[in-house]
Amino acid sequence: MASIPEKADVAVVGSGATGLAAAVTLAEGGAKVVVFEKQRSLGGTSNFFQGTFAVESEMQRERYVDYTRDECFKQTMDYSHWMANPRVVRAIINESAETISWLQEQGVVFTDAAINMPESPLTYHIIKGKGEAVVKALVDQAKAKGVTILPGTPVVSLLKEDGKISGVVVEADGEEVEVAAKVVVIASGGFANNKEWIKKYTGFELGTEITPVGNTGKTGDGIRMAWEAGAAEEGIETIEMFRVGPVGDEFAMGCNLEQATAQPDLWVTAKGERFCDETITFWDTPVGNAQSRYKKDGYTFSIFDDSSIQRWMERGLDKGVGVEFPPGYKLTNLHKEIQAAIDNGSAEVLAADSLEDLAAQIEVDPGVLGATVEEYNGYCAQGWDELFAKDRRYLRPLVGPRFYAVRARTVFLGTMGGIRVNGKMEVVDKKDGVIPGLYAGGFDAGGMYGDSYPIKSSSGLASSFALNSGRIAGKSALRYLRK
Amino acid sequence: MDYDRLKAEATARRAGQEPVCGARGAVVDVGAFERRVALRNLGRVDPGSIEDYIVTCDGYSGLHRALSIGREAVIAELEKAGLRGRGGAGYLTALKWRTCREAEADEKFVVCDAIDAHPWTRTAQTLLGGDPHSVLEGLLIGAYAVGAAQCFLCVNADYREQIALLRDALDRMRDCGLLGHGILSSEFSCDVEVCATAGSLVAGEETALIRILEGKQALPYLRFEYPAVQGLHEKPTLVNNLETLAVVSALLQGRAGAPMAGDTKIVTICGDVEREMTVEVPLGMSIGALLEAAEGASLGELGVKAVQFGGPTGAFFAAGSPASGGVGGSLDTPITFEHIEAAGSVMGSATLRVVGGGPDGVCAVQMARDAMAYLQEQSCGKCTSCREGTLQLVDMLDDILDSRATAEDLELMLELCEAMRTGSICGLGKNAGAPLLSALTLFGDDFDAHLHDGHCPAKE
Amino acid sequence: MTDQSTESTVTLTIDGRRVEAEAGTSVLYAALDAGIYVPHLCDHPDLPPYGVCRLCVVEIEGVEGLPSSCVTPVAEGMVVQTQSEQITQARRLAMELLLAGHPVDCGICQKYLNCELQSLKQYLGVEESRVKRRSKLLPVNNSNPLFVYDPNKCVLCGRCVRACWELRGVGVLYYKKQGKEFHIFTREGASLAESGCRFCGACAEVCPTGAIQDKEGLIKGDNRKAGLVPCKSSCPAEIDVPLYVRLVKEGDYPAAAAVIREKVPFPWVLGYVCDHPCETECRRGEVNEPISIRELKRFAAEHDDGSLWRDKMTPKDPTEKRVAVVGSGPAGLTAAYYLRLQGHDVTVFESLPAAGGMLRYGIPEYRLPRSVIDSEIKEIEAVGVKIETGTRVESLDALFEQGYEGVVVALGTHKGQKLRVPGANSAGVLIGTDFLRDVNLGNEVAVGKRVVVLGGGNVAFDCARAARRMGAEEVNMACLECREEMPAGPDEIREGEEEGIVIKPSHTSTRMLSEDGRVTGVEFLDVEAFFFDEDGAPQIDVVEGSLHALEADTVIFAIGQRPDIPEGFDLDKTDGGLIELDEFTGSTSREGVFAAGDAVSGTASVIKAIASGRKAAVAMDKYLGGSGRIDRKVAPQVEVPACLGPGPGFAALGRAADRCVIPDDLTGNFCEVVESMGEDDAREESTRCLQCDLRLKIKTVDFWGSF
């Protein structure tokens with residue numbers, strides 16, 4: 001078991017994709033690196049991604065994907081209305097293809113370059129074994145290259161001397177220990193679990209109006225330390241939202257109920273009114289944004305009936321959920337799951353023999369819900385959604401005999417900014433000057449996005465930003481160290 | 001009270017008793033194929049009368065002899081007879097007793113397993129109901145030989161009649177000075193407690209049985225020492241099946257003309273048969289021959305598809321010779337520890353469960369599935385490989401029955417059976433794959449029909 | 001190497017490396033100790049090996065198959081391989097089986113990143129499964145205090161069962177079957193309390209997945225370990241509460257007192273008047289009622305002979321540095337005490353005739369006997385702290401000129417206030433602090449027969465109850481807060497009411513009624529809602545038309561106090577008139593001047609004042625070139641047995657009855673109102689402790705990333 005070194009060339013704060021990519025890159029360049037991880041487990045949120053974004057990769061070329069860096073750059077900047085930092089965006093997009101090859105060299109296996117939504121370029125490089133496999137591969141490589149990895153050892157502050165980074169203070173067994181380092185790479189994964197900051201920067205009440213997924217113990221340590229060291233702020237208010245239901249200990253992620261809830265049938269607010277063209281479910285960001293408008297209640301409902309269930313059992317899903325449940329996947333366990341939820345007295349999943357009864361159970365005015373369904377069924381009959389222009393292929397009336405409602409919550413996959421960086425992932429101060437020796441990437445760094453996640457032009461970008469910003473930070477730091 | 005006085009007083013008291021031979025036990029006809037040692041007194045002795053046991057069966061003469069020849073001589077006698085434990089594992093009894101005797105401790109215990117861990121076996125029910133004293137005498141001989149002062153007789157809690165009989169027998173023994181301080185005027189002091197124990201497959205595992213006696217849940221434990229060295233409350237503990245103890249008492253009684261004690265086994269024939277029976281047969285008789293003799297008809301007439309021998313974890317045996325090397329065997333397999341083991345199975349409870357309906361009548365996949373489902377139900381849940389393995393295998397066998405499975409599934413099934421064999425603590429898990437593996441060996445065609453042709457051979 | 005190895009040491013080869021291990025060690029720990037990671041789940045360093053998960057399988061030369069390394073003892077010359085294709089395959093299958101019934105819910109699981117199962121899954125790379133995965137769909141058991149059990153997350157490793165039976169000897173948890181699925185539960189499915197659970201938390205501590213977890217919100221703060229022992233972490237002075245409660249239980253009272261003495265010089269005072277945040281947080285409170293921690297502290301202090309700490313709490317070698325402390329309340333005396341122990345020459349200046357500050361001049365005698373204050377101050381003086389009473393310090397410069405190198409300002413909040421309502425200056429309208437000071441000084445205090453006290457805090461009660469003792473026949477207390485939100489402690493409210501104080505909650509006074517310049521009553525409006533707006537400013541919604549009056553010949557304002565800081569101190573102050581401190585250095589705006597107590601925090605509790613005094617002592621000591629380490633271990637180190645034994649009826653044990661004795665005739669009677677706890681009661685009460693700290697002694701399993 002490793003012990004805390006007195007000094008190193010580089011201290012990396014966090015062992016997710018950003019930190020590990022930086023650590024391996026730096027170690028490849030001959031730097032002595034120590035990675036500090038607050039948690040007992042490595043990888044943090046990076047364990048969850050199923051694929052990652054790249055343009056002009058070998059895999060894409062083999063599949064005749066002709067989407068170019070230039071197109072992607074333009075689309076990504078358009079998506080943000082040029083609120084994003086163009087040099088950061090350009091740097092990440094340009095680096096992305098090489099990063100795929102580099103990951104393959106580290107032992108990561110990609111199975112396909114695909115998309116997980118319609119009408120988008122094939123930028124999503126699917127990983128065998130998910131992010132966990134990336135974390136494992138990078139940790140093994142890092143260790144083989146002499147990187148010291150210290151789980152359960154949070155960094156509490158940065159040390160600066162003569163305006164340059166000179167090390168970190170870490171906590172070990174309740175004691176604070178100083179570690180000298182010329183370079184610090186901040187990659188602590190944002191602040192998704194920091195109730196106060198989420199309220200302050202996004203306006204949401206954490207836990208009721210919005211719930212983080214795949215984030216644990218993200219209190220914004222890295223961002224705070226960088227700010228304390230004089231870093232400027234950028235993009236702190238952007239979060240990657242999504243709509244998911246049902247939520248609770250008794251519901252496994254990826255269960256049939258969750259898949260049913262994501263289907264473009266009828267969705268209503270807590271007041272019983274439709275709120276969107278349900279086919280936006282195909283794109284995570286729009287659906288997350290639409291859902292989050294109703295933050296005071298914190299939830300909406302997906303309403304379906306026996307005919308929906310029948311369809312999902314026979315024809316399968318319209319909207320795939322994750323890589324493992326593609327469109328067409330059949331929900332054979334749904335009845336059992338609904339029954340179990342009802343038997344357990346869950347308030348997340350409800351069923352009734354009439355709309356009135358269902359309305360009563362979900363505490364919605366039965367008149368409102370009845371009118372909503374009547375109107376919707378009318379649109380279905382005429383084949384035109386007068387309200388939200390939903391594609392007629394997905395206009396399917398609710399006829400019973402049993403009706404179901406599942407509560408869907410606004411969740412988010414992480415916070416997407418905080419520290420201002422330049423295209424070299426150097427941290428800059430409020431006067432746009434570089435803080436020597438300080439680098440940041442991943443969820444701690446801002447500038448890649450505008451006000452929301454550019455899902456259509458660049459799916460898989462969050463993990464890609466992490467990996468690429470880590471590699472770029474590593475390369476920049478090597479130049480700084482003159483290695 | 002010394003032995004002579006015991007016998008004299010018993011004789012006097014018995015004169016006034018109405019003999020009720022076997023009235024409270026199952027009266028079993030001795031078939032010509034039987035050879036009785038453990039069941040020697042069945043139907044001949046009044047199970048409720050200690051006097052009857054003493055006078056007509058030479059009762060407690062074995063204990064008397066043991067006390068007079070000394071501990072080591074008792075063990076030597078078992079050693080000479082080559083007695084192997086009747087609980088199923090066939091461990092050499094003398095070796096176990098000596099280990100326990102030589103273990104140094106201030107206190108030792110003897111535990112008698114009389115649970116009949118699954119409903120197919122009736123050994124305890126029969127023996128305790130028909131002749132409890134043969135077991136009790138064996139128990140005391142064991143306690144004397146290893147130096148224990150406290151015995152626990154664990155009886156299936158469902159056997160209310162037997163438990164009442166035993167408790168009464170213990171009272172009588174106390175009256176006669178066969179329990180308590182200075183038994184038969186010797187230095188030997190001992191007591192016996194009857195423990196009503198819930199019957200389950202794991203309760204038949206000695207480590208689990210010990211936990212039950214400690215007031216804990218019936219879970220088998222990986223042991224680092226034999227119970228004979230470190231058992232109940234960490235003290236040396238001799239754990240024996242009641243059949244072994246009944247044989248011990250016979251052996252020590254050494255009555256002229258008694259058959260060689262190590263040569264028989266109590267078996268129960270059940271399943272698709274005319275009548276279920278519990279009999280004691282000479283080792284070496286083949287499964288098929290025993291069935292024919294017991295049923296009084298030829299195998300062909302009986303319409304046997306297979307016989308599961310040894311209890312729920314036993315392998316299947318069927319007509320014809322199976323491919324060599326696999327688990328399972330032919331009905332010609334002789335009932336001996338060695339032959340059964342060679343067939344990849346265990347003596348276990350030595351039950352012959354007949355699966356009928358003729359060679360094509362029952363689908364072997366169904367047969368294997370039902371066997372696995374029973375084991376899934378009985379798994380205590382402790383070992384991952386057994387808990388999940390049995391559950392997954394039932395599910396996979398259901399898939400095969402529904403013709404939803406593939407050849408890769410079959411591979412995984414074999415891997416799961418191996419994982420259970422190597423990864424389980426107790427016999428249940430270790431042997432849980434045997435019924436399935438033997439069904440595969442013996443009736444591969446049935447599996448193929450489901451896997452490749454998508455139909456059930458039994459539903460043609 | 002070989003020559004050095006003793007008989008109890010075994011040498012073996014693991015992955016081609018020579019490894020030494022003590023005989024009896026398992027192959028697993030021989031490998032782990034040598035820095036070779038072997039995945040394992042069911043094994044736990046504090047529990048007997050189990051051998052059921054099959055993740056730690058290895059190859060051993062001459063041994064058939066793949067033995068579980070956790071149940072295989074090392075042997076001389078053993079040759080072990082921990083990695084091979086065959087091993088990987090077996091481990092993966094074992095992991096697939098463990099995960100078969102486990103939900104894919106890492107993303108929303110509280111245990112994520114502290115979950116051994118997730119870490120193992122990551123290590124073994126078991127994303128795809130050949131065995132069928134299923135949802136168990138079992139209900140989550142939320143019905144017990146402190147813990148949540150989610151059978152869906154349980155992988156039946158049996159650690160909790162072993163922890164319950166073999167580590168703690170409690171014996172509550174069993175393997176149970178529901179349909180085809182297994183879970184862990186009590187024997188007959190009864191509640192944990194009914195089953196004899198001791199709520200020690202060992203089961204949750206050893207659970208490698210999120211199956212048994214502490215209820216959300218019960219662990220306060222970022223630091224999980226501290227959060228698990230909330231009595232200690234919520235104590236401002238971080239007194240090791242579970243330890244002294246345990247020592248009381250074992251009958252070692254001097255040791256218990258020594259534990260308290262390690263952190264505070266006022267154990268006995270606290271035993272009377274501590275506002276005990278520890279009891280509010282006590283986890284036993286979730287089971288039934290919290291431990292009566294304060295009474296046990298008083299008991300320990302009363303039964304202390306000083307034998308264990310008095311010889312050890314002596315000053316270090318003199319540093320030749322002189323320190324002045326302004327104010328002799330609990331904050332000032334605490335700072336003085338610890339600075340003296342660090343070897344400094346300390347003088348305390350007190351403007352009033354005797355030392356003790358609010359202990360003596362705020363808290364009335366019936367709550368805190370003067371002998372108790374005297375006795376504890378005597379101990380402080382005994383180590384060489386000089387106290388100059390009747391000496392008011394007007395200027396810090398003067399102190400520095402006298403050669404003091406540092407000053408701790410701890411002058412409390414002695415300045416009470418009145419509301420600016422009409423009639424507030426009428427005769428008979430008093431200020432609480434002044435009133436109490438006069439009472440405690442023995443000055444003549446004229447109190448009429450009908451008294452109205454304005455305020456709802458502890459000081460208000462002190463005023464009200466003192467007024468009763470000064471002869472008032474009818475005492476009304478009016479406060480803004482509704483009854484549930486009154487700031488006074490519940491025992492204070494209860495005792496006050498027993499003494500005949502009438503509480504009028506949700507009242508706001510609009511003016512003092514008077515005749516001839518003398519107060520005759522108070523006019524009130526009923527309060528509909530009292531809250532603080534987003535800027536923290538108090539807001540009052542009144543009930544229209546609720547104007548009414550209470551007759552009174554004396555009105556006492558007890559609505560908060562401020563410090564009285566002499567101009568000559570020249571210290572920066574906050575908007576609220578308190579002394580401003582640097583968050584990181586603890587220093588005031590003047591070099592060498594530190595501050596502590598109510599003057600910094602606003603009127604708070606005795607224990608907070610003491611904690612503040614400790615902080616100031618640390619900061620001052622560092623400033624004077626010391627280490628700042630003021631803690632001394634004086635209590636004996638005791639090995640705590642891990643076994644608790646069965647606990648039938650444990651959960652139902654009730655809190656020791658209140659021993660409050662209100663005299664029939666209060667007038668002039670300042671005798672103490674709460675009796676001491678007897679030895680039997682103390683033992684019974686301490687036996688109720690859940691011993692939450694025991695859990696922290698359970699070892700933590702290192703994940704693969706640590707190797």
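Biologist: How many helices and strands are there in chain C, and how are such elements defined?

Modeller: Helices (H or I, at least four residues) and strands (E, at least two) are DSSP runs, numbered from the N terminus, and chain C has 24 helices and 24 strands. This is a predicted model, in which local features need pLDDT of at least 70 and side-chain atom pairs count only at pLDDT 80 or more, while totals for chains, interfaces and linings use all residues; side-chain values use heavy atoms, with hydrogens and water left out. Residues are numbered from 1 along each chain as its sequence is written, and chains are lettered from A, and ligands numbered from 1, in the order in which they are written.

Biologist: What does the C-alpha trace of chain C span along its principal axes, and what percentage of its residues count as buried?

Modeller: The trace spans about 105 × 65 × 50 Å, and 58% of the 707 residues of chain C count as buried, where buried means under 20% relative accessible area, exposed over 50%, and partly exposed in between (1.4 Å probe, protein chains only). Contact means heavy atoms within 4.5 Å, and among contacts in chain C between residues at least 6 apart in sequence, 69% join residues at least 24 apart.

Biologist: Is His102(C) buried or exposed, and where does it lie?

Modeller: His102(C) lies in the loop between α2 and α3 (116–124) of chain C, and it counts as buried because its relative accessibility is 9%. Its side chain reaches the backbone oxygen of Lys153(C) at 3.0 Å. Leaving aside neighbours within four places in sequence, the residues in contact with His102(C) include Leu117(C), Arg133(C) and Thr209(C).

Biologist: Which chains share the most contacts?

Modeller: Two pairs of chains are in contact, and of these chains A and C share the most contacts, whereas chain A and chain B do not touch, their nearest C-alpha atoms being 15 Å apart.

Biologist: What is the area buried between chain C and chain B?

Modeller: The size of an interface is often given as the accessible area lost when the parts come together. Buried area is that loss (1.4 Å probe), summed over both parts; between chain C and chain B it is about 2700 Å², with carbon and sulfur atoms giving 55%. The contact involves 29 residues of chain C and 35 residues of chain B.

Biologist: How many salt bridges and polar contacts are there between chain C and chain B?

Modeller: A salt bridge is a side-chain nitrogen of Lys or Arg within 4 Å of a carboxyl oxygen of Asp or Glu, and the rule finds five across this interface of chain C and chain B, including one between Asp395(B) and Lys132(C), whose closest N and O atoms are 3.2 Å apart. A polar contact is a pair of N or O atoms within 3.5 Å; within protein, one must be able to donate a hydrogen and the other to accept it, and residues adjacent in sequence count only if both atoms are side-chain atoms. Twelve residue pairs (both at pLDDT 80 or more) are in polar contact between chain C and chain B.

Biologist: Which elements give two or more residues to the side of chain C that touches chain B?

Modeller: They are α2 (85–100), α4 (159–167), β6 (173–178) and β7 (181–186) of chain C, and α2(C) gives the largest share, five residues.

Biologist: Which domains does the domain assignment give for chain B?

Modeller: Domain bounds come from an automatic or database domain assignment, which for chain B gives domain 1 (3–16 + 24–261) and domain 2 (284–459). Across the interface of these two domains the rule finds one salt bridge.

Definitions and conventions
Buried area = accessible area lost by both parts, 1.4 Å probe.
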